[in-house]
Amino acid sequence: MLKIIAVRLLSSVGVVAGSSILVFCILYVLPGDVVMNMIDPSSMSPEAIANLRHQLGVDRPFYEQLLHYFNAMLHGDFGHSLVNSEPVLPKIMAHFPATLELTAAASAIAILVGVVLGVLSAIHRNKPIDIAARIIGLFGISMPTFWSGILMILIFSVTLGWLPAMGSDGWKTLVLPALTLGLLGAGFIVRMVRNSMLEVLGEPFITTLRAKGLLERSVMYRHALRNALIPAVTMMGILVGEMLAGTVVIETVFSRQGIGRIISDAIMSKDLPVVQGVVLFTAIVYVAINALVDISYSYIDPRVRRLQH
């Protein structure tokens, strides 16, 4: 188990470093001038603008900027915003609780709805409840989150007036964003749990358990479901990370003040330190979640440990 953890942690470091380099390269080649976004060109002389470029380091060659970026990251320095000179890391940490709250609520909805509907769909195969569960799953997968978010606002805020459409104050403002993001994850989990459950129900040991006279409830929930959830654990871990990334769109649609909204605004203003800091922070959280899922998967299913040895 210690060997598995060590290998997973080493690969996680490579993923974080690779994602940071990729984002740095993409932002470097994007059109636009960050200095011109910060100032009024008509109010400064060309010499002053050139001096500002030198102070910010944007006049350096690409490789020098990349090396400086990594050196700062290794020392825990995420830099300062080019727009308002605010330190990036404290800004991220101040907004991260709102994003974490949204991700946790959406993940809980996705897992609860997905597992329940997936199990019911498998147990009642080809019956109305199975058809309804598959339709809900297809809707969750197919609808873009920005569109389903707008629909939520139109139905529950504009038409019915039950819930606020925007903001991040109180639990009421969390309901619609969490439902929008949670239905996306639930769609994937429904399909995964249903297919896994049907596969387990076709195994010989299920027939043996029934032949021994075990109650159908015990066969389904104690034996079949326990084995069916093993492959679904990986999907759930990936979806938690995906929903963390999906908060960029959701927080923009619902005007929530989280790191998704921060990076959206930073991209529009080409505030490179903020974009790089948020991406690096999100990549670390995403990789950490998936590393925990992989480690737990190895613990849950001994066959994985044998294969990795």
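Predicted model: local features only at pLDDT ≥ 70, side-chain atom pairs only at ≥ 80, totals over all residues.

Residues are numbered from 1 along each chain as its sequence is written, and side-chain values use heavy atoms, with hydrogens and water left out.

**Stop one: the largest pocket**

Select Leu56, His68, Gly79, Pro273 and Gln276: of the 20 lining residues, these lie nearest the centre of the largest pocket. (A pocket is an open set of points on a 1 Å grid over the protein atoms alone where a 1.4 Å probe fits, with protein on both sides within 12 Å along at least five of seven lines; lining residues have an atom within 4 Å of a point.) Its volume is about 470 Å³, counted as the space filled by probe spheres set on the points.

Now color helices H3 (46-56), H4 (62-74) and H12 (272-300), which each supply at least two lining residues. (Helices are DSSP runs of H or I, at least four residues, numbered from the N terminus.) H4 gives the largest share, five residues.

**Stop two: the second largest pocket**

This pocket holds about 270 Å³ of space. Pick Val13, Val16, Ala17, Leu280 and Ile284, the closest to its centre among 15 lining residues. Helix H1 (2-29) provides the largest share of that lining, six residues. Domain 1 (1-75) and domain 2 (88-305) both contribute to the lining, so the second largest pocket lies between them; the domain bounds come from an automatic or database assignment.

**Stop three: salt bridges**

How many salt bridges does a search of the whole structure find? The search finds four, each one a side-chain nitrogen of Lys or Arg within 4 Å of a carboxyl oxygen of Asp or Glu.

Show Glu101 and Arg256, whose side chains meet at 3.5 Å, N to O. Glu101 sits in helix H5 (residues 88-123) and Arg256 in the loop between H10 (216-253) and H11 (259-269), so this pair ties together parts 155 residues apart in sequence. Arg256 is buried, at 0% relative accessibility, while Glu101 is partly exposed, at 42%. (Buried means under 20% relative accessible area, exposed over 50%, partly exposed in between, with a 1.4 Å probe and protein chains only.)

Last, zoom to Asp265 and Arg261, a salt bridge with its closest N and O atoms 3.9 Å apart. The two are four residues apart in helix H11, separated by about one helical turn.
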